[in-house]
Amino acid sequence: MTAATDAQRPSKRETAARERNLTRVEARAASAKARAEFAGTLNALEDKLNVPKQVGLRVDRAKVSLKAFYDEQPGVAIAAAVGVAAAVGGLVWLIVRSKLGD
């Protein structure tokens, strides 16, 4: 082999250095991916365990649902609201009456 042929082919040291650099790049990419997945998992857990946020979301969903129910059947929705108000009022009246009667 001639010097020109040897100059085109990388040495064992250069090949090993390239492989080390590739594995370092791959390791950095893998660790960045793992960090991103971990951050996503932590964010999902935070959302699930954040009780005030979950209550707020459920209240918003209930409002939308009740608004749709009222838009579809306003008479039934009004009757249901009156029934719930009467039940709550009756319950409060019974509790107050039992406390005052003692």
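View 1. K67 and D71 bring their side chains together in a salt bridge, with 3.1 Å from N to O. This is a predicted model, so keep in mind that side-chain atom pairs count only at pLDDT 80 or more. Why do these two sit about one helical turn apart? Because K67 and D71 are 4 residues apart in helix α3, which covers residues 51-72. As for cover, K67 is partly exposed, at a relative accessible area of 48%. In general, side chains of opposite charge can pair when their charged atoms come close.

**View 2. The other pair, D47 with K53.** Here the side chains of D47 and K53 form a salt bridge at 2.9 Å, again given N to O.

**View 3. A nonpolar surface patch around V92.** Five side chains make up this one: V84, V88, V92, V96 and L100 form a nonpolar patch on the surface. V92 belongs to helix α4, which spans residues 74-101.

**View 4. L42 in helix α2, with L22 for scale.** L42 is found in helix α2, residues 12-49. Its relative accessible area is 41%, which means L42 is partly exposed. Now look along to L22: L42 and L22 are 20 residues apart in sequence, and their C-alpha atoms are 30 Å apart in space.

**View 5. V59 in helix α3, with A44 for scale.** V59 has its place in helix α3. With a relative accessible area of 40%, V59 is partly exposed. How far is V59 from A44, C-alpha to C-alpha? The separation is 20 Å, for two residues that are 15 apart along the chain.

**View 6. Zooming out to the whole chain.** The protein chain has 4 helices and 0 strands, and reading along the sequence gives the pattern α-α-α-α. Why call the chain more spread out than a compact globule? Its radius of gyration is 35 Å, well over the 13 Å that the globule rule gives for 102 residues, so the chain is more spread out than a compact globule. Along the principal axes, the C-alpha atoms fill a box of roughly 110 × 40 × 10 Å. Buried residues are 2% of the 102 residues.

**View 7. Surface and charge over the chain.** The accessible surface of the protein chain is about 9,100 Å², and carbon and sulfur atoms account for 65% of that. On the charge side, there are 17 positive and 11 negative side chains. How far apart are the centres of the two sets? They lie 5 Å apart.

Conventions: Residues are numbered from 1 along each chain as its sequence is written. This is a predicted model: local features need pLDDT of at least 70, side-chain atom pairs count only at pLDDT 80 or more; totals for chains, interfaces and linings use all residues. Side-chain values use heavy atoms; hydrogens and water are left out. Patches are made of residues with over 30% relative accessible area and no salt bridge: like charges are joined within 9 Å, nonpolar side chains (Val, Leu, Ile, Met, Phe, Trp, Tyr) within 5 Å. Accessible areas come from the Shrake-Rupley method with a 1.4 Å probe; for residues, only the protein chains shown count as cover. A salt bridge is a side-chain nitrogen of Lys or Arg within 4 Å of a carboxyl oxygen of Asp or Glu. Buried means under 20% relative accessible area, exposed over 50%, partly exposed in between (1.4 Å probe, protein chains only). The radius of gyration is taken over C-alpha atoms; the globule rule is 2.2 Å times the number of residues to the power 0.38. Lys and Arg count as positive and Asp and Glu as negative; His and the chain ends are not counted. The place of a charge is taken as NZ of Lys, CZ of Arg, CG of Asp or CD of Glu.
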